[in-house]
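Hello,

Here is the structure I promised to pass on. My notes follow below it.

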Amino acid sequence: MSRAGSHPSWGHIPASTPARVVRPVAGRSPLPAADDRPLLAYGNGRSYGDVVVNNDGTLIDTRSLDHFIAFDAETGVLECEPGVLLTDILRLALPQGWFVPVTPGTQYVTVAGAIANDVHGKNHHVAGTFGRHVLDFDLTASDGTPRTCSRSDNTDRFAATIGGLGLTGLITRVRVQLRRVGGAFMDVDTHRFDNLRAFFELSAASEDDYEYTVAWVDCSATGAKLGRGWFMRANHRPAMGQPNAAGPKPGPNFALTPPFSLMNRATLAPLNTLYFHRKRKRRFRAAQHYQPYFYPLDGIRNWNRAYGPAGFYQYQCVVPPGDAEASIGELLARIGASGQGSFLSVLKVFGDVPSPGMLSFPRPGTTLALDFPNRGESTRRLLDSLDDVVMAAGGAVYPAKDARMSATAFQHYFPRWREFAGYVDPQFSSDFWLRVTGDTA
């Protein structure tokens, strides 16, 4: 046991001040001695909001539980402890022809964190969420009761834990099915598009032939240019003789937090415009190492510090397919009118592959993810305004990215939350859970 360190969320909102941090030791119980403080597992701190914040409680730092248990190179079944990072899995499995089945936009998340947030990636329309590829896991309750959970054993607890925000107990072991690939390179086809309608046309034309699709959107564009950006679709390349060729060298590092956000009114519009016009050609194809395609921001170490000491809000929503173009257009119009743009703006169409978790975020429709510098009340008013659009459309906001949605909004977005609450371990909690449920859980 140690006194609390900072252990912040990635967006640094809200401040994280746990009463203590416990780092499990191999061969001993991973749970601390019982007291009146609530418990919460903490992986690598890449959740943006307060799902990883347990102020005045106990954080269980699972990064010490980072061992591989078994890997079958014939079947691609991996067994490991909860603190193993996706980058560790890739380092082990890719030279043997295997890749993580679903990956978010960073490789520096733990496997248990990927389960707890039921992360999705650029291939949702064909592979669904990370939880669909989990075979089983061991879950330890706060009273020490161990359970093995799978689609055939403890099935309800399996569904509650996938996307369950770390509230159902402590994951101590995981088995996951990887997917076969030819090597470390991708065939990437990149298109510049001029408006939101063009994005939806490109996305529809790409779903059958490309496993991975995603777009960057210029949030500063308005009028006829609303929703313009770059569409990037890709497949894994066949074997090329060097399945794990070295990726790009480490990029720049934000060693210090600047005194103010570098993403501000003076910089965001020029940055968006420059990025939109970064290439003269409207379309180009290239063989690309998997790292810059899947993890472009990982090339800038500690990039979250660029937002300054006030931190930033990430907002990710999904709206149903029927009125997606109108809903996304309204969201972008409100952002443009606010003057509070985002440079890291990602647009993607989810497929109809069902998610396995009670609180899983992905569902059929279009998802938009954005980062907003924290400007206090004006930023929160803007995000509340975006909530109005999402709620009216019948969509949802992603808890793993959230630091401010209301209890009313959360309970509207996730109608199974009361059912889920029955599986919340009585000793586990988080600032997020208290905020969106109060004392009702």
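Helix α5 (residues 196-206) lies across β12, β13 (212-217), β14, β17 (346-350) and β18 (365-373). Its direction is about 10° to β14. Helix α8 also packs on the sheet, where it touches β13, β16 (312-319), β17 and β18. It makes about 10° with the direction of β18. Contact means heavy atoms within 4.5 Å. Axes are lines fitted to C-alpha atoms, for helices over the stretch in contact, and angles run from 0 to 180 degrees between N-to-C directions. Helices (H or I, at least four residues) and strands (E, at least two) are DSSP runs, numbered from the N terminus.

This is a predicted model: local features need pLDDT of at least 70, side-chain atom pairs count only at pLDDT 80 or more, and totals for chains, interfaces and linings use all residues. Numbering starts from 1 along each chain as its sequence is written, and side-chain values use heavy atoms, without hydrogens or water.

The 8-strand sheet is open and antiparallel, in the order β15-β12-β14-β13-β17-β18-β16-β19. Two strands pair if DSSP finds at least two bridges between them. β15 (283-289) and β19 (396-397) are the edge strands, each pairing on one side only. β12 (residues 185-193) and β14 (residues 229-236) pair over 8 bridges. H191 stands opposite F231 in β14.

Next, the helix pair. The axes of α8 (residues 324-338) and α9 (residues 377-393) come within 10 Å and cross at roughly 170°. The two are therefore roughly antiparallel (the term covers angles over 145 degrees). From α8, S327, E330, L331, R334, I335 and S338 meet L382, S385, L386, D388, V389, V390 and A393 of α9. By class, this contact has 7 nonpolar, 3 polar and 3 charged residues. Ala, Val, Leu, Ile, Met, Phe, Trp, Tyr, Cys and Pro count as nonpolar, Asp, Glu, Lys and Arg as charged, and the others, Gly among them, as polar.

There is also an open antiparallel sheet of 5 strands, ordered β5-β6-β10-β8-β9. β5 (68-72) and β9 (146-150) stand at the edges with a single partner strand each, so one side of each has no neighbour in the sheet. The twist averages 10° from one strand to the next. β8 (residues 134-140) and β10 (residues 170-177) pair over 6 bridges. D138 stands opposite R173 in β10. Helix α1 (residues 86-93) lies across β5 and β6 (77-80), at about 45° to β5.

Best wishes

Technical notes: Angles under 35 degrees count as roughly parallel, over 145 as roughly antiparallel, 65 to 115 as roughly perpendicular and the rest as oblique.
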